[in-house]
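Please keep the sequence and the 3D view at hand while reading.

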Amino acid sequence: MFKFKVIFKQVFLKNIKSPAYLIMILMPIVMFGITFGVSHLMDHSKEPVRIAVLAPQPAEQSELQQLKGKTYQIDQQITTREQATKALQKERIDGYLLLSEEKGQTISRYYERKDSPSFDVSVLENQLNQIHLVALAQQAGVAPEQIQKLMTPTVIAPVTVNYQNGHEKISQENTKEVGQIISIGITVLMFIFIVNYAGMIAQEIATEKGSRIMEIILSSVSIEIQFFAKIAAILALLLTQITVYILVGIVGFQFLKQQLPLAELLPIIRRALVAPAMWYAGVFLIIGVLLYTVLAAMLGAVVSRMDQVQQAISPLILLGTLSYLGGFVLASQTDIPLLRAVSYVPLFSQIMLPVRLANGDVGAFGASMGLFIAMATLIGLTYLALIIYRMNILVYSDKGVFKALIATYQQLKESRQ
């Protein structure tokens, strides 16, 4: 146990202090900070449009000047068209709304300069329609309570359903937005983690083997202890990164909540955090990274030099890229039979199944079955990887990765005869 801790600590501390690991952790945080900073500056640069509102009747004029909106400000000092025209010419306002009576009908026109800031007049249009509707209701003698009910907007609540064995089942999230947020997050994070940690363990082993330090280490430590200690250290690095992101997310959310109007997003964020897809994704993430890490450790033991590492792990990178692309396709199109079948295959399921679960295309039973298959595959591949690791860790050959694997297979075949 002491030897296990020594190797675990050495691998963990070596990588957690490395610039590559720190960049891997900080890069998404920095990119998010830059994105938020740019959007924050753009929001602040969009000042409300300065406008004036004019109506033929003083009472109507006074009512219009009480209108409020986030995208415009009304200059209440301007009450005539002459004043509005001069203010628009001298750029004290960006436009003015003029209501006039023509043939017994109210006509609304919005005047603006050619170089005036863009303004969505539909905001004013909706407010004017509400005022007009209230006026007509009052003229018809409609009670104030009825007018209030009449003005209450209709809210459409989206409900996401899926069908299992011909029966309709309402999704727990009840929003497609939640599923899409989770799907995109799962796809991107899984691919980044898989590529980085697979490359990390392969380079770790290839470096020790290429410098002949491996022979010294294995003279005092068993191959099994050394193998599993390195895998455990990589898992600890993964959990450390996830913990950092969780803490940064909590602190960042508290900050953004004070800076941005997140009231509409809060329900979606809460549902995303407690959604089953999120928890399944976390487990699939750990299992998926371990699958690729074990295979990368096996391939790292086969190479003899550092320059062979990229060639060795290129098939893993290809598999990770294919699962990444498949996850993106399933995020928007869930009716592809081939991808549905492939989503249960280990080395693909860690991305595809959580995406399907988030979109409501598969239920908890299907996701659990895929998780069980992935865990069983992880146990089997770990056993196989340990055998190949033991046979090749002290073997130096220039035959190449694939020829070395074929030679290992022939040795295993001969040993069983």
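## Salt bridges and what they connect

With the criterion of a side-chain nitrogen of Lys or Arg within 4 Å of a carboxyl oxygen of Asp or Glu, the count comes to 6 salt bridges. The model is a predicted one, and the values below are computed from its atoms. In general terms, side chains of opposite charge can pair when their charged atoms come close.

| Salt bridge | N to O distance |
|---|---|
| Arg-50 and Asp-94 | 3.4 Å |
| Lys-230 and Glu-204 | 3.4 Å |
| Glu-224 and Arg-390 | 2.6 Å |

The salt bridge between Glu-224 and Arg-390, with its closest N and O atoms 2.6 Å apart, has one partner in helix H9 and the other in helix H15 (residues 364-392), so the pair ties together parts that are 166 residues apart in sequence. Glu-224 is partly exposed, with a relative accessible area of 29%, and Arg-390 is also counted as partly exposed, at 36%.

The side chains of Arg-50 and Asp-94 meet in a salt bridge at 3.4 Å. Arg-50 belongs to strand S1 (residues 49-54), whereas Asp-94 sits in the loop between H4 and S3, so this pair ties together parts that are 44 residues apart in sequence. The two partners fall into separate accessibility classes, Arg-50 being partly exposed at 36% and Asp-94 being buried at 6%.

What is the relative accessible area of Glu-204, and is the residue buried or exposed? Glu-204 has a relative accessible area of 4%, which is under the 20% limit, so the residue counts as buried. A polar contact of 3.4 Å joins the side chains of Glu-204 and Lys-14, and Lys-14, Glu-204 and Lys-230 are linked in a network of salt bridges. If residues up to four places away in sequence are left aside, Glu-204 touches Gln-10, Val-11, Lys-14, Asn-15 and Lys-230.

## Aromatic pairs

The structure holds 7 aromatic pairs. One of them is formed by Phe-191 and Tyr-324, a tilted pair with 4.6 Å centre to centre and 35° between the planes. Phe-191 is in helix H7 and Tyr-324 in helix H12 (residues 309-332), so the pair ties together parts that are 133 residues apart in sequence. Tyr-324 also pairs with Phe-328, here in an edge-to-face arrangement with 5.2 Å centre to centre and 80° between the planes. Tyr-324 and Phe-328 are 4 residues apart in helix H12, which means a separation of about one helical turn. Ring pairs thus link Phe-191, Tyr-324 and Phe-328 into a cluster, in which Phe-191 is partly exposed at 21%, Tyr-324 is partly exposed at 22%, and Phe-328 is partly exposed at 35%.

## Positive phi angles in loops

Glu-91, although not a glycine, has a positive phi of about 65°; its place is in the loop between helix H4 (81-89) and strand S3 (95-102), where Glu-91 is partly exposed at 42%. Leu-347, likewise not a glycine, has a positive phi of about 80°, and it is placed in the loop between helix H13 (337-342) and helix H14 (349-358). Leu-347 counts as buried, at 13% relative accessibility.

## Surface and overall organisation

A nonpolar surface patch of about 630 Å² is made by Leu-22, Ile-23, Leu-26, Met-27, Val-30, Met-31 and Ile-34. Among these residues, Met-27 lies in helix H2 (residues 19-45) and is partly exposed, at 42% relative accessibility.

For the protein chain as a whole, the secondary structure comes to 16 helices and 6 strands. The chain has 417 residues, of which 39% are buried, and its accessible surface comes to about 24,400 Å², with 64% of that area belonging to carbon and sulfur atoms. Among contacts between residues at least 6 apart in sequence, 69% join residues at least 24 apart.

Conventions. Residues are numbered from 1 along each chain as its sequence is written. This is a predicted model: local features need pLDDT of at least 70, side-chain atom pairs count only at pLDDT 80 or more; totals for chains, interfaces and linings use all residues. Side-chain values use heavy atoms; hydrogens and water are left out. Patches are made of residues with over 30% relative accessible area and no salt bridge: like charges are joined within 9 Å, nonpolar side chains (Val, Leu, Ile, Met, Phe, Trp, Tyr) within 5 Å. Accessible areas come from the Shrake-Rupley method with a 1.4 Å probe; for residues, only the protein chains shown count as cover. Helices (H or I, at least four residues) and strands (E, at least two) are DSSP runs, numbered from the N terminus. Buried means under 20% relative accessible area, exposed over 50%, partly exposed in between (1.4 Å probe, protein chains only). A polar contact is a pair of N or O atoms within 3.5 Å; within protein, one must be able to donate a hydrogen and the other to accept it, and residues adjacent in sequence count only if both atoms are side-chain atoms. Contact means heavy atoms within 4.5 Å. Rings of Phe, Tyr and Trp (its six-membered ring) pair if their centres lie within 6.5 Å; planes under 30 degrees apart count as stacked, over 60 as edge-to-face and the rest as tilted.
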